[in-house]
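Please keep the sequence and the model open while reading.

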Amino acid sequence: MSRNVAIPLVLVVVFTVVLGSLLWFTGSEDDRTGATATSDIDGSATAAIAARPDSHRLSSAPDSRVEFVEFLDFECEACKAMYPVVEQLRGDYGDRVTFVVRYFPLPSHANAERAARAVEAAARQGKFEQMYQRMYETQEQWGEQRTPMDDVFRSFAADLGLDLAAYDAAYDDPATLNRIRADVADGETLGVRSTPTFFLDGERLQPRSYADLTAALDAALG
């Protein structure tokens with residue numbers, strides 16, 4: 001089987017697993033209440049909330065205004081399963097679409113907020129994407145644990161060659177937690193209640209297949 005054929009088949013399987021996870025966990029993973037529905041906000045305002053000027057961008061397409069946004073939780077198994085799907089989308093569309101990441105740690109995940117703090121602390125040293133990737137690659141090591149995984153996350157920072165004193169300061173800085181909670185507040189305003197949740201130019205996507213995602217991106221690109 002050729003690589004070009006194999007990749008889409010793998011993504012079909014991944015998407016099937018993720019869809020099942022989303023249908024199972026929606027409404028049970030997150031106990032947030034009172035979220036504002038996106039239908040209550042006009043399109044331009046929704047787009048502005050979904051992707052703030054200072055939101056983290058995995059890749060930017062300078063000649064395109066198309067923005068693909070993911071609200072994610074690093075401890076969420078469905079987010080991990082979608083990680084290779086998003087990477088494939090970046091490979092296919094990264095020169096034409098800007099890919100944005102927003103934090104949305106769920107209260108039911110004991111280390112999700114800590115993981116986000118570690119990623120944000122790494123971002124202070126220009127290593128956002130590297131720590132973002134590390135969290136998914138190692139999720140089985142630290143996920144679903146009821147004890148704090150601070151030392152594990154610090155070991156990731158060491159592996160990435162970060163200045164550990166600066167990392168520690170950023171990890172414990174109230175501004176780091178405020179940044180994460182600002183993302184959560186935006187997600188709640190947009191009606192996000194589970195992860196992963198995707199927006200394209202401010203419109204919430206509810207894909208049933210990988211083809212649904214590529215069709216939405218192709219339509220947005222015109």
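Is cysteine 76 buried or exposed? Cysteine 76 is buried, because its relative accessible area is 0% and the cut-off for buried is under 20%. The model is predicted. Its protein chain has an average pLDDT of 87. The points below go from confidence to cysteines, strands, one histidine and the backbone.

**Confidence**
- At least 70 is the pLDDT score of 81% of the residues.
- Residues 1-6 stay under 50 in pLDDT. For this stretch the model has three contacts beyond four places in sequence.
- Residues 20-28 also stay under 50. Here the model has six contacts beyond four places in sequence.

**Cysteines**
- Zero disulfides are present in the structure.
- In general, a disulfide is a covalent bond that links the sulfur atoms of two cysteines.
- For cysteine 76, the closest cysteine sulfur is in cysteine 79, at 3.4 Å. That is too far for a bond, because the cut-off for a disulfide is within 2.5 Å.
- Seen from cysteine 79, the closest cysteine sulfur is that of cysteine 76, again 3.4 Å away.
- Cysteine 79 is buried, with a relative accessible area of 0%.

- Strand S3 spans residues 98-103. Six of its six residues are buried.
- Both faces of S3 are covered. One side carries Thr98, Val100 and Arg102. The other carries Phe99, Val101 and Tyr103.
- S1 and S3 run antiparallel and are joined by three bridges. Serine 59 is opposite phenylalanine 99 of S3.
- Strand S2 covers residues 67-72. S2 and S3 run parallel, with six bridges between them. Valine 69 has valine 100 in S3 as its bridge partner.
- From S2 the chain passes through helix H3, residues 77-93, to reach S3. This β-α-β crossover is right-handed.

**Histidine 56**
- Histidine 56 sits in strand S1, which covers residues 56-59.
- Is histidine 56 buried or exposed? Histidine 56 counts as buried, because its relative accessibility is 13% and the limit for buried is under 20%.
- The side chain of histidine 56 makes a polar contact of 2.7 Å with the side chain of glutamate 120.
- Which residues does histidine 56 contact, leaving aside neighbours within four places in sequence? Among them are Phe99, Val100, Val101 and Tyr103. The list also includes Glu120, Ala123, Phe128 and Arg179.

**Backbone points to check**
- The peptide bond from threonine 195 to proline 196 is cis, and its omega is near -5°.
- Proline 196 is in the loop between helix H9 (174-189) and strand S4 (197-200).
- Glutamate 144 is not a glycine, yet its phi is positive, at about 60°. The loop that holds glutamate 144 lies between helix H6 (139-142) and helix H7 (150-159). Glutamate 144 is partly exposed, with a relative accessible area of 47%.
- Aspartate 201 has a positive phi too, about 50°, although it is not a glycine. Its place is the loop between S4 and strand S5 (203-205). Aspartate 201 counts as partly exposed, at 34% relative accessibility.

Technical notes: Residues numbered from 1 in each chain as written. Predicted model: local features only at pLDDT ≥ 70, side-chain atom pairs only at ≥ 80, totals over all residues. Heavy atoms only, no water. Helix = DSSP H or I, 4+ residues; strand = E, 2+ residues; numbered from the N terminus. Buried < 20%, exposed > 50% of the residue type's maximum accessible area, 1.4 Å probe, protein only. Polar contact = N/O pair within 3.5 Å; in protein donor to acceptor, adjacent residues only side chain to side chain. Contact = heavy atoms within 4.5 Å. pLDDT = per-residue confidence, 0-100. Pairing = 2+ DSSP bridges. Right-handed = clockwise from strand over helix to strand, strands pointing away.
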